[in-house]
Amino acid sequence: NVHLWGNGEVAVWLESLQLDEYRDDFIRHDIRGSELLTLERRDLKELGIHKVGHIKRIQQAILEIKENARLS
């Protein structure tokens, strides 16, 4: 359950997206599973993510998590 993820699980999730360059930023800002699900584009920019492709990849992956949770 993503709501129970700590920032370590979020870091592993970022690595699975091949975006582990943002791992330390997510940990520093204490982004856990419940926060991850509510991140918006402006939040990602505040976390230091400015590449459009990376923003879209993260947003799509969050959407997939939400869809999988609904199907479960």
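Here is a walk through the structure above, from the whole chain down to a few single residues.

First, some ground rules: this is a predicted model, where local features need pLDDT of at least 70, side-chain atom pairs count only at pLDDT 80 or more, and totals for chains, interfaces and linings use all residues. Residues are numbered from 1 along each chain as its sequence is written, and side-chain values use heavy atoms, with hydrogens and water left out.

Let's start with the fold. The protein chain has five helices and zero strands, so reading along the sequence gives you α-α-α-α-α. Helices here are DSSP runs of H or I with at least four residues, strands are runs of E with at least two, and both are numbered from the N terminus. The radius of gyration is 11 Å, close to the 11 Å that the globule rule gives for 72 residues, so the protein chain is as compact as a globular protein of that length. That radius is taken over C-alpha atoms, and the globule rule is 2.2 Å times the number of residues to the power 0.38. Along its principal axes, the C-alpha trace spans about 30 × 20 × 20 Å.

What about burial and surface? Of the 72 residues in the protein chain, 35% are buried. Buried means under 20% relative accessible area, exposed means over 50%, and partly exposed is in between, using a 1.4 Å probe and protein chains only. The accessible surface comes to about 4,700 Å², and 47% of it belongs to carbon and sulfur atoms. These areas come from the Shrake-Rupley method with a 1.4 Å probe, and for residues only the protein chains shown count as cover.

Contacts are next, meaning heavy atoms within 4.5 Å. If you take the contacts between residues at least 6 apart in sequence, 51% join residues at least 24 apart. As for charge, there are 11 positive and 13 negative side chains, and the centres of the two sets lie 6 Å apart. Lys and Arg count as positive and Asp and Glu as negative, while His and the chain ends are not counted. Each charge is placed at NZ of Lys, CZ of Arg, CG of Asp or CD of Glu.

The UniProt record, an unreviewed entry, lists residues 5-68 as "domain: SAM". UniProt positions are given in the numbering used here, feature names are shortened, and annotations may be inferred rather than shown by experiment. In the model, that span is 67% helix and 0% strand, and its end C-alpha atoms lie 15 Å apart.

Now zoom in on the segment before α1. V2 lies there, and V2 is buried, with a relative accessible area of 10%. Skipping its neighbours within four places in sequence, V2 is in contact with G33, S34, L36, L37 and I65. V2 and R32 are 30 residues apart in sequence, yet their C-alpha atoms are 8.5 Å apart in space.

W5 is also found in the segment before α1 (7-16). W5 is partly exposed, at 23% relative accessible area. Not counting residues up to four places away in sequence, W5 touches V10, W13, R32, G33, L36 and I65. From W5 to L37 you go 32 residues along the sequence and 11 Å in space, C-alpha to C-alpha.

E9 and K66 are 57 residues apart along the chain, with 16 Å between their C-alpha atoms.

Most residues other than glycine have a negative phi. Q18, in the loop between α1 and α2 (23-28), has a positive phi near 60°. Q18 is exposed, with a relative accessible area of 63%. D30 sits in the loop between α2 and α3 (33-36), and its phi is positive too, near 55°. D30 is partly exposed, with a relative accessible area of 34%.

We finish in helix α5 (residues 52-71), where V52 has its place. V52 is partly exposed at 45% relative accessibility. V52 and E67 are 15 residues apart in sequence and 22 Å apart in space, C-alpha to C-alpha.
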